[in-house]
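Here's a quick tour of a model, written for someone who likes cut-offs spelled out. Have the viewer open and follow along.

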Amino acid sequence: MENKTIKPLGDRVLVKEYKTKEDKKTASGIIIPETVTADDVKMGKVLAVGAGIYTQNGVLIPMSVKVGDEVMLPAYGQGQEIKIGKEKYMLYREAELLSILVDNNQLELPLD
């Protein structure tokens with residue numbers, strides 16, 4: 001499978017998970033080590049996406065995520081693990097993803 005590329009079908013998203021190495025700090029300055037917060041959500045980078053999903057009327061609903069997006073992932077039990085060589089990837093349905101991480105200067109603020 002060396003010369004092959006994974007192209008997800010439908011509303012599936014191929015993600016490479018990564019761990020954040022940040023210690024969290026409380027408002028009073030107490031540092032909470034990463035080991036204490038191990039049950040938090042995971043992060044990942046989108047490597048490939050499907051075209052979207054079709055409604056019963058045949059209308060394509062396009063994907064909200066795109067290649068290169070950083071996403072928050074559920075902590076437990078969702079997604080399909082895929083191993084290619086020594087690398088591990090996860091395949092999720094778009095609805096299983098929790099959010100897209102956006103830079104603060106790219107946020108769309110509501111107009112008053």
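Leaving aside its neighbours within four places in sequence, which residues is Asp-11 in contact with? They are Gly-52, Ile-53, Met-63, Tyr-92, Arg-93 and Glu-94, where contact means heavy atoms within 4.5 Å.

Before going further, some housekeeping. This is a predicted model, so local features need pLDDT of at least 70 and side-chain atom pairs count only at pLDDT 80 or more, while totals for chains, interfaces and linings use all residues. Residues are numbered from 1 along each chain as its sequence is written, and side-chain values use heavy atoms, with hydrogens and water left out.

**The chain overall**

There are zero helices and ten strands, with helices (H or I, at least four residues) and strands (E, at least two) taken as DSSP runs and numbered from the N terminus. Of the 112 residues, 22% are buried, meaning under 20% relative accessible area with a 1.4 Å probe, protein chains only. Among contacts with a separation of 6 or more, 65% link residues 24 or more positions apart. The chain exposes about 8800 Å², and carbon and sulfur atoms supply 53% of that (Shrake-Rupley, 1.4 Å probe).

**How the strands pair**

Two strands pair if DSSP finds at least two bridges between them. Here are some of the pairs:

| Strands | Sense | Bridges |
|---|---|---|
| S1 and S9 | antiparallel | four bridges |
| S8 and S9 | antiparallel | five bridges |
| S4 and S7 | antiparallel | four bridges |
| S7 and S10 | antiparallel | three bridges |

For a few landmarks, Val-13 sits opposite Tyr-92 in S9, and Ile-84 has Glu-87 in S9 as its bridge partner. The S8 and S9 hairpin has two residues between the strands, and Gly-85 takes a positive phi near 65° there. On the S7 side, Lys-45 is opposite Glu-70, and Met-72 has Ser-99 in S10 as its bridge partner.

**Where the nonpolar side chains go**

In soluble globular proteins, nonpolar side chains tend to be buried together. A nonpolar core here is a set of buried Ala, Val, Leu, Ile, Met, Phe, Trp, Tyr and Cys residues joined through side-chain atoms within 4.5 Å. The largest one has eleven residues, including Val-13, Val-46, Met-63, Val-71, Leu-73, Met-90 and Leu-97. Strands S1 (12-18), S4 (42-49), S7 and S9 (87-93) each give two or more residues to this core. A second, separate core of five residues includes Leu-14, Ala-48, Tyr-89 and Leu-91.

A polar atom of the Asp-69 side chain lies 2.9 Å from the backbone nitrogen of Lys-66. Neighbours within four places in sequence aside, Asp-69 is in contact with Gly-44, Lys-45, Val-46, Ser-64 and Ile-100.

Conventions
Buried means under 20% relative accessible area, exposed over 50%, partly exposed in between (1.4 Å probe, protein chains only). A polar contact is a pair of N or O atoms within 3.5 Å; within protein, one must be able to donate a hydrogen and the other to accept it, and residues adjacent in sequence count only if both atoms are side-chain atoms.
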